[in-house]
Amino acid sequence: MPSFREIRRHGSVLLIDAASATIQVGLLGADGIESWATSPEESGIGIFKSATQLAIVPASIDAFVYCEGPGSVLGIRTSAMALRTWCMLKPRPIYAYTSLAVVAHALGRSEVGVIADARRDLWHHYQLGHGLRRMPTGDLSGKLVMPAGFRHWTQLPPKVETCTYALADILPQIDDAELLRATDAPDAFLHEEPSYLTWTPQIHRSAPTP
């Protein structure tokens, strides 16, 4: 798996992260120079406003990297849609990373579990040495942190702390960590593919008269 330092060799790299309530867009240069823009607006607006603020011309970008989750599914799919569209016009490499892995490696503490809401009393849980898992609230233990700006619908477990999700601060700490994967089909992260039941049509018959 490549690192952020390795993918900079492509040239100019556009990073999009819409996993949290704050949209983060970064322009990563091969020379190590970074430019960042953030937006509190919804992803369909915030991503493109941030790109405009950085004076980014998508056709001039050499590679893309984005957060595939866990986090806001709408935001992540909006990011993926933008990347698929730009790469249809001009194919370029795309790399994905997971939000909780980035935070865990920046913290560098194997005893800490980084969590995000997976709904229905389940949590995404990433811990160094264990990777990403999905766990019910009752199975969570030890020290837990959740990235700032991540929404939750389930009541937080006791004593959960909040940690930063400011990528401008996090990336320099994990530049050499092998956290990226190449993809030609960007989309939101899923623990497992959804399964669907097949509906069998039936002719409706009225109930017999007693």
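This is a predicted model: local features need pLDDT of at least 70, side-chain atom pairs count only at pLDDT 80 or more; totals for chains, interfaces and linings use all residues.

Modeller: Gladly! Let's begin with rings: the structure holds 4 aromatic pairs. Rings of Phe, Tyr and Trp (its six-membered ring) pair if their centres lie within 6.5 Å.

Colleague: Why is the pair of Phe64 and Trp86 called stacked?

Modeller: Planes under 30 degrees apart count as stacked, over 60 as edge-to-face and the rest as tilted. The ring centres of Phe64 and Trp86 are 5.8 Å apart and their planes stand at 25°, so this pair is stacked. It links distant parts of the chain, with Phe64 in strand E4 (residues 63–69) and Trp86 in helix H3 (residues 73–89), 22 residues apart. Phe48, Phe64 and Trp86 form one aromatic cluster.

Colleague: What makes Phe64 buried?

Modeller: Buried means under 20% relative accessible area, exposed over 50%, and partly exposed in between (1.4 Å probe, protein chains only). Phe64 has 0%, so it is buried, and Trp86 has 13%, so it is buried too.

Colleague: And is Gly129 buried or exposed?

Modeller: Its relative accessible area is 83%, so Gly129 is exposed. Gly129 lies in the loop between strand E7 (122–127) and strand E8 (131–136).

Colleague: Why is strand E6 described as largely enclosed?

Modeller: In E6 (residues 112–119), 6 of the 8 residues are buried, so the rest of the structure largely encloses this strand.

Colleague: How do you know that E6 pairs with E7?

Modeller: Two strands pair if DSSP finds at least two bridges between them. E6 and E7 are joined by 5 bridges and run antiparallel; Ile115, for instance, has His125 in E7 as its bridge partner. E6 also has 3 bridges to strand E9 (residues 143–147), and these two run parallel.

Colleague: What makes Arg119 a charge over a ring?

Modeller: The rule asks for NZ of Lys or CZ of Arg within 6 Å of the ring centre and within 35 degrees of the ring normal. The charged end of Arg119 sits over the ring of Trp153, 3.8 Å from its centre.

Terms used. Residues are numbered from 1 along each chain as its sequence is written. Side-chain values use heavy atoms; hydrogens and water are left out. Helices (H or I, at least four residues) and strands (E, at least two) are DSSP runs, numbered from the N terminus.
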